[in-house]
Structures are given as structure tokens and as C-alpha cells.
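User: I want to learn how to read the sheet and the core of a model. Please take me through one.

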Amino acid sequence: MQQQVQPQQDKPLQKGELRTVVWQNGKISTDSSPEIIQEALHDPHALIWLDIMGNCSSQEALLHNVFELAPITIQTMDEEKERAKFNEQENYFYLVVHGLSYDTQIDEADTPKLDIVFGKNFMITAHRATLPWLDSLFEEAQEKSADEHTLSRGIAFLLYALLDALVDSYFPVLDDIDEIIDDLEDVTVNSTSNDVQVRIFRIKRSLAQMRRVISPQVEVTNTLLARASKFIPAKAEPYFADVHDHLLRAFEVLDSYRDLMSGMLDVYLPITFITGVFGQNFGHLPQVEHDNGYLFWVVLAFMGLITVMQIWYFKRRGWL
């Protein structure tokens with residue numbers, strides 16, 4: 001079975017590298033000095049995007065003293081693992097979302113965390129893994145010759161562009177998994193190798209991991225629209241509704257993949273049962289030369305008896 005190699009998307013970043021884009025007076029600046037950022041924060045017509053790559057603890061002073069983030073927010077941003085969430089503070093909102101990547105060689109998923117903090121005229125993103133789709137969006141924001149700059153439309157549309165790019169990055173991953181499942185369906189009906197069963201369980205585990213990530217993000221986008229109206233104008237709401245719809249679609253695709261894998265496992269197990277039963281070498285079992293083939297039916301009846309006893313025991317314990 002031929003596999004596609006998924007590009008590495010989650011190389012860990014060790015130190016807190018900082019990059020900044022400031023839109024002010026129709027001009028772009030990439031100066032990350034606290035003085036420039038502080039000046040822009042006090043300008044209601046300016047917009048700042050600060051991106052922290054790697055461990056953000058080294059930027060704690062900037063986050064606390066300049067952006068006035070609460071200690072609990074900074075602490076949560078520094079956590080490697082965190083469930084998707086939406087929190088409201090006095091002057092900003094805090095989002096935790098996740099990306100998706102899939103290694104087709106070992107059938108393992110990765111869900112790198114992305115922290116998003118946004119206020120009236122600033123957005124902070126923090127991530128420990130490299131995110132190519134985020135890099136592309138940031139490079140676009142740094143372009144000085146754009147006719148209609150990404151940051152010129154305000155914080156709501158910048159946030160939408162970020163979330164939209166995040167969700168769009170899911171679908172190439174889902175397409176790769178779809179091709180793997182198609183190939184695996186052909187292998188399942190032609191092979192009873194234990195390697196096939198192991199791979200089915202591995203893919204199911206990865207799908208469950210991705211599903212756990214996307215499920216709360218669907219709710220987060222709903223909450224975002226309901227509670228962040230002071231920063232998200234009515235004209236921008238349809239855009240965020242579109243992001244929600246795409247998230248829901250990704251969730252439904254993962255559900256369909258999970259059902260396919262369960263069905264594939266059901267097909268695989270009867271095949272292994274049939275080959276296991278009829279593959280037994282009854283011709284050399286003790287006494288087989290003298291029982292006229294009855295031993296086969298005795299073995300089959302014994303297997304059925306064990307199954308019935310297991311079902312009875314499971315029901316008695318309340319497991320079924």
C-alpha cells in the first residue's frame with residue numbers, strides 16, 4: 001500500500017522568539033521594542049499583532065507590563081497542553097485553539113496548541129510548534145505594498161483571517177486520511193495480518209484525538225460570537241459563522257471516518273474468525289481419525305458456549 005508523506009508541521013520551538021507587525025497611520029512597522037508597542041497601544045487607530053514562537057515565559061514582562069495581561073492568562077499560555085477554551089477578561093479575550101497534523105508513516109496525529117489573545121487594537125498569538133499556515137498569514141501581514149492591508153480592516157477581520165486559515169489547514173490533513181482509509185479498505189478484505197488490525201486501531205486512536213480537539217472548538221466559536229460583540233461588529237459576524245460551519249464540517253468528516261474504521265474492524269474480525277476456524281489443522285488433532293469429523297463441530301460448539309457465557313457474565317455485571 002502506497003503512502004503519502006505528510007510534511008512536518010509541528011517542529012518544537014525552544015525559546016520565545018518574538019515577531020511583531022504594527023499598522024499605524026497607513027504604514028507597517030516590524031519593530032518589537034516595548035516603546036513602539038506601547039505607543040501603538042495608545043493609538044485607537046493602530047493595530048498590533050504580536051506573535052510569540054516557542055516558550056512565552058521569556059516575554060512575561062512584555063505581556064504583563066505592556067499588554068496588561070492577567071497572571072492567570074500568562075500562566076495558561078505557558079502550558080503545553082490545554083483544552084480549547086474561551087475566557088473573557090476586563091480589556092481582552094483569550095482563546096485556546098489547536099492545529100492538526102498527521103504523520104502518514106506512523107499513523108499518529110498531532111494537535112499543537114495555539115493561544116490567541118485579542119483586545120480592541122491588538123492580537124497576541126503564542127505557539128510552541130511551527131505552523132506553516134500561520135507563517136504564511138504573518139508574512140502577508142508584513143507586506144508593505146498591499147493595496148488593502150490585512151490589518152487595515154481592524155481586529156475582528158484579523159481574528160477571522162487567523163481562525164479561517166486555521167480551519168482551512170484541517171482539510172488537507174483530512175484528505176490524506178481519506179486516501180489512507182480507501183487503501184486500507186482494500187487491504188482489509190484481502191489480508192488477515194495482525195499488522196492490519198494494529199493499523200486500524202492506531203488510526204482510530206488518532207481520529208479520536210483529533211475529534212476531541214475539534215469538538216470543543218465548535219462550541220468556542222459559538223461563544224466567541226455571543227460574548228465578544230464589543231470587538232466584533234455585526235458586519236463581521238457572518239464571517240465567523242462561516243468558520244463555525246467549516247469546523248462543524250470537519251467534525252462531521254471525522255465522525256464519518258470513525259464509523260468507517262469501526263465498520264472496517266467489524267469486517268476484519270469475521271474474516272479472521274473464518275480463517276482461524278477453517279484454518280485449524282483438524283487432520284492432525286488427537287482422535288480425529290476416529291470421530292468422522294465430529295471434532296470440528298465440538299470445537300465450534302465450545303467456542304459458541306464461551307461466547308454465551310461471556311455475554312451472560314457481562315450482563316450480570318452491568319457492562320452491557
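Analyst: Start with terms. Helices (H or I, at least four residues) and strands (E, at least two) are DSSP runs, numbered from the N terminus. Two strands pair if DSSP finds at least two bridges between them. This is a predicted model, where local features need pLDDT of at least 70, side-chain atom pairs count only at pLDDT 80 or more, and totals for chains, interfaces and linings use all residues. Residues are numbered from 1 along each chain as its sequence is written, and side-chain values use heavy atoms, with hydrogens and water left out.

User: In which sense do strand S8 and strand S9 pair?

Analyst: Strands of a sheet pair through backbone hydrogen bonds, either parallel or antiparallel. Here S8 (residues 113-118) and S9 (residues 122-127) are antiparallel, over 4 bridges. Ile-116 sits opposite Thr-125 in S9.

User: What is the strand order of the open sheet?

Analyst: Its 7 strands run S2-S1-S3-S9-S8-S5-S4, with mixed pairing. S2 (27-29) and S4 (85-88) are the edge strands, each pairing on one side only.

User: Which residues touch the most other members of the largest nonpolar core?

Analyst: In soluble globular proteins, nonpolar side chains tend to be buried together. A nonpolar core joins buried (under 20% relative accessible area, 1.4 Å probe, protein chains only) Ala, Val, Leu, Ile, Met, Phe, Trp, Tyr and Cys residues through side-chain atoms within 4.5 Å. In this core of 67 residues, the answer is Phe-118, Leu-159 and Leu-224. Helix H5 (residues 155-168) gives the most, with 12 residues.

Technical notes: Buried means under 20% relative accessible area, exposed over 50%, partly exposed in between (1.4 Å probe, protein chains only).
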